[in-house]
Amino acid sequence: MSLAARLFAQKALSRRSCSRALCQPRSTKHCLSKLSWKSYSTSKEDIGENGTPNKSIWDLAKEEEEEEKRRGVHRATTDDDEAKISAEAKQLNEQGQLYFSNGLWEEALECFSTALQALEEVLGADHIECSTLNVNIGLVYEKSGDQTNAEMHYQKALNIRRKVLGENHVSVASVLHKLVSALISKGDYDDALAILQQSQDILSQTLNTEKQVLARAKDERTMSECQQRISMLDAELGQMFNFRGAIHWKRQNWSTAEENFLSSYQHFAKSSEFQQGLIDDITAVTRNAVATMKKQGKMDQAIKVVTESVKVIETRSDAALPELINLLCLLGELHEMMGAYDLAEFHYGKAMHIARDVFGKVSDEVDDLEHSLKHVRRLKREEDEYRCK
């Protein structure tokens, strides 16, 4: 039996009793990390004068031996042993991702923890792949409602990335966001805001560097690659501002929350020009911004923001249609609240037409929209009758 298999069998017995006590998951969106089996480092040539990673920040893959020579690490195991354990850990990580995607937190935790222990014994606890697995373990705990353990594993991942990649690396910022999510769930808003400032500093510096590279780029390939990197940074900044807005929302600082949600929307909208899969983020942050505007009675501004989001989503593929329906319904609700029943009826009707194509004529979504249409038409008739009196 392989080392990873033995570890998995041992941990399956020891972890089962404690993992059963995990709470039901929250509905927050999480993304698991894959193992690349490369050691990531940033060389001196990649660092600008201000300490910010320069042109090679996204070209992270370095041979494991090169990184170990730099750090003076020596191993007792052979290269064949390392490759075998790494392959087994990678398989466990992939199995854990499958369990995670199906809501099987206990099984996912066993897979990730077993893979982590195997890699720590062979590659060392400070290896970059141990950071990846600590992030995945943290995500399982966070989805399970155990914010304390989630925070602990995010912190371990953060320490590794800072040590291996440097304080100002974009991969550090991505783990900072994971840590912030756990802190917000615990109500540690001051600590979360301080960490978000660190993230903003890293991402803003890196974004400025990439824009300088883009300005000097002369060939299409370099320009395209740089635009993709800028798009990824915009997405991270969008997430950062969304977290900040959420904290101010919880503190009932409506104006500051609105400002941050709008900044988040702008970054996600920019990023969506070059990246797929951000439409749900645009939809979510649009609803967040509208919620703060409703608290302040800014209905006209809310309608304007949703209308802009609809225009963005209408240019995307059919995969964005559920989000488009969501925002059209929101527009209908806002116009209904404003007493603009004709516009409310128009947007509800447009949403229902799309919903029939997406969900079928007989569906809960279509039923809800038909109810909204009937309601707004009744309000419209009552208003007309009142005016005729």
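Modeller: At 30% relative accessibility, tryptophan 249 is partly exposed. Partly exposed lies between buried, under 20% relative accessible area, and exposed, over 50%, with a 1.4 Å probe and protein chains only. This is a predicted model, where local features need pLDDT of at least 70, side-chain atom pairs count only at pLDDT 80 or more, and totals for chains, interfaces and linings use all residues. Residues are numbered from 1 along each chain as its sequence is written, and side-chain values use heavy atoms, without hydrogens and water.

Biologist: How many aromatic pairs does a search of the whole structure find?

Modeller: Rings of Phe, Tyr and Trp (its six-membered ring) pair if their centres lie within 6.5 Å. Planes under 30 degrees apart are stacked, over 60 edge-to-face, and the rest tilted. Across the whole structure, the search gives two aromatic pairs.

Biologist: What kind of aromatic pair do phenylalanine 100 and tryptophan 105 form?

Modeller: Their centres are 5.4 Å apart.

Biologist: Is phenylalanine 100 buried or exposed?

Modeller: Its relative accessible area is 8%. Because buried means under 20%, phenylalanine 100 is buried.

Biologist: Why is the pair of tryptophan 249 and tryptophan 254 edge-to-face?

Modeller: The ring centres are 4.8 Å apart. The planes lie at 65°, so the pair counts as edge-to-face.

Biologist: In which helix is aspartate 367 found?

Modeller: Aspartate 367 has a relative accessible area of 40% and is partly exposed. Residues 364–388 make up its helix, which is α15.

Notes:
Helix = DSSP H or I, 4+ residues; strand = E, 2+ residues; numbered from the N terminus.
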